Amino acid sequence: MALPRCVTLIGPSGSGITTISKELESLGYEIIHPTLESLQKDEQRPGLHAYIPKIWAALDEGIRLEKLGEYAETLCQATQRCRGNVTIFLHAEIHVLTKRQEESRLKTRLSQDYNLPHQQALQIEQQMLRPFSEVAQISLDTTNMPPLQARRSVNLLLNLRMPFKSNSYEKLLDHAVSDFFESFKDVPLIQEIQSQLDAARSFLHSQQHYLSSFNAKQIQESSQTVFLIGEGSSLTALNSAAWLLHKGYRQFTNVFRIPASDLRFTDISNAIVLICSNSGNSAEIVQDIEEGHFDAAKLVIGITNYADSVLAEYCREHGVLFLLDVPEEKPIAATVSYFKSFLTGAAVLAAIGGILGQADVYDQLFEDATHLPELLRDLFTQRRINPMASAAKKLACGLSTSQHGYITAAGLLSDCLLSEASLKAKELSRVHLEPVFNSLFHGPLNPDVNAAIYLEDPLVTADAIKKHVEKLCLYVPTVVTLGAYAFDVPNIFIPQTTPINSVALHLVSLQLTYFLIGLENGFSLEEIQHPIRLSKVVQESPLV
């Protein structure tokens with residue numbers, strides 16, 4: 001996703017040039033007031049640059065007023081010859097421009113030098129700038145557009161390289177979302193969300209690989225206890241996998257969830273240790289390896305995306321290694337790595353459980369996931385995006401006052417998904433969705449919360465789901481459901497399917513919905529993908 005190397009920004013006085021120039025500067029553009037001579041050297045400019053022509057400055061160079069229109073047209077033609085140029089033309093109704101001029105107590109050059117009334121001077125100015133308006137790829141009518149909306153609009157249009165004429169950010173967003181996967185095809189986050197389709201295919205193709213990687217005798221001679229080790233989303237993915245097998249497939253392996261930072265307080269002698277880290281270089285895990293905390297385990301299993309990481313090298317030498325083989329994630333939010341970690345963790349735990357004499361659900365797990373790629377392919381269609389976009393609008397509106405809501409589910413999804421779903425809401429849309437686990441029938445709900453998301457669980461009856469939704473609606477004005485049942489609230493459809501598919505589809509649907517809420521909240525693509533306040537700041541282990 002690359003910005004245009006060259007932008008031309010122009011419009012009549014009072015249309016918002018100063019506001020948009022600040023947005024261009026924040027995007028990394030160098031602001032230049034061009035002349036005909038300087039435009040001839042455009043190819044020599046290495047970085048992003050924005051031309052803001054000062055047409056009236058030509059009067060100081062000896063060009064007469066009656067020749068100024070010809071000069072403006074020549075300057076416009078010169079900007080169009082600049083490689084990759086995108087012209088942004090701002091305009092507004094005359095009475096609004098006049099009001100802005102009077103409020104700022106600034107006069108146009110024509111008003112100052114020729115003592116013309118504001119309206120007449122602005123009419124002449126608009127006529128002079130007509131060549132630019134006729135070739136502009138981006139045209140914004142700022143008559144009723146607040147400055148912040150204007151900045152948001154230019155930011156989005158330049159990032160998407162989308163030609164468009166608009167007078168509101170809402171219309172622009174509706175236009176972009178109306179062809180979602182085409183509009184946002186170059187956005188890294190959307191590419192990574194869509195790559196979960198390939199991750200699902202890869203998972204299914206690895207069915208024999210997971211099982212054949214284990215020494216059954218070594219596992220049977222262990223203490224038959226499995227420790228899940230990791231930090232953040234990586235540990236959550238393993239925990240979700242364990243709950244999937246427990247609630248979705250009734251495999252009751254003895255599993256303990258331990259953050260890597262707490263491992264030194266745990267006795268893992270003769271146990272099976274499953275470690276997950278996308279980078280393989282998480283500070284706490286690296287320190288645990290260096291201090292020999294994993295050496296007492298009977299079997300160490302590592303899941304990571306990087307073959308040359310510390311975790312990969314350790315597990316390759318001392319245990320079993322499974323590489324995620326997913327694209328390197330550029331945004332802060334873990335999407336495809338979490339998805340593949342969850343699937344891999346489920347396969348590994350199912351295999352171990354079967355070897356230990358628990359319910360042998362390994363083949364059933366893969367059989368249930370057979371249609372996951374097909375279901376994801378259907379999810380990545382405009383037909384499925386439309387209800388998400390509608391729901392995102394309602395949720396953004398409901399969350400507009402406090403940015404605080406609920407996300408809740410019962411049964412399988414409560415333990416498998418709520419923690420990760422709450423985290424992704426913070427990362428992608430900057431809202432706090434408080435997870436309410438298991439049952440809504442015990443304890444009151446906060447009457448100040450105005451929005452909630454309810455995840456319909458495949459193991460919960462439609463009647464129970466309906467009662468949960470009805471209780472939510474008593475307390476919360478805006479409720480959106482995700483699932484197969486449509487009640488009298490907005491619904492994002494997810495077909496009734498197997499436990500593993502249901503978790504995956506809910507997860508991916510929420511990722512897309514949160515992205516849309518982030519756009520509705522006015523965050524730029526950069527802010528959604530790289531939120532400064534949520535940057536990962538742990539560079540070394542906090543352990544001493």
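Visitor: What distance does helix α18 reach from its first C-alpha to its last?
Guide: In this predicted model, helix α18 covers residues 336-355 and has 20 residues. At 1.5 Å a residue the expected value is 28 Å, and the helix comes close to that, reaching 29 Å.

Visitor: How many of the 20 residues of α18 are buried?
Guide: A residue counts as buried when its relative accessible area is under 20%. Helix α18 is largely enclosed by the rest of the structure, because the number of its 20 residues that are buried is 19.

Visitor: Which residues of strand β5 are buried on one side and on the other?
Guide: Side chains in a regular strand alternate between the two faces of the sheet. In β5, residues 138-141, both faces are covered. The buried residues are Ile138 and Leu140 on one side and, on the other, Ser139 and Asp141.

Visitor: Which residue in β6 does Ile138 stand opposite?
Guide: Strand β5 is joined to strand β4 (residues 85-91) by 4 bridges, the two running parallel, and there Ile88 stands opposite Ile138. Strand β6 (residues 164-166) also runs parallel to β5, with 3 bridges between them. In β6, the residue opposite Ile138 is Phe164.

Visitor: How many nonpolar, polar and charged residues line the largest cavity?
Guide: The search of the whole structure finds 1 cavity of 30 Å³ or more, and the largest cavity holds about 70 Å³ of space. Its lining comprises 13 residues, with Glu456, Ala484, Ile494, Pro495 and Gln496 nearest the centre. By class, the lining has 6 nonpolar, 5 polar and 2 charged residues.

Definitions and conventions: Residues are numbered from 1 along each chain as its sequence is written. This is a predicted model: local features need pLDDT of at least 70, side-chain atom pairs count only at pLDDT 80 or more; totals for chains, interfaces and linings use all residues. Side-chain values use heavy atoms; hydrogens and water are left out. The expected span of a helix is 1.5 Å times one less than its number of residues. Buried means under 20% relative accessible area, exposed over 50%, partly exposed in between (1.4 Å probe, protein chains only). On a 1 Å grid over the protein atoms alone, a cavity is a set of points where a 1.4 Å probe fits but cannot get out, and a pocket is an open set with protein on both sides within 12 Å along at least five of seven lines; lining residues have an atom within 4 Å of a point. Grid points are joined across faces, edges and corners, and a volume is the space filled by probe spheres set on the points. Ala, Val, Leu, Ile, Met, Phe, Trp, Tyr, Cys and Pro count as nonpolar, Asp, Glu, Lys and Arg as charged, and the others, Gly among them, as polar. Two strands pair if DSSP finds at least two bridges between them.
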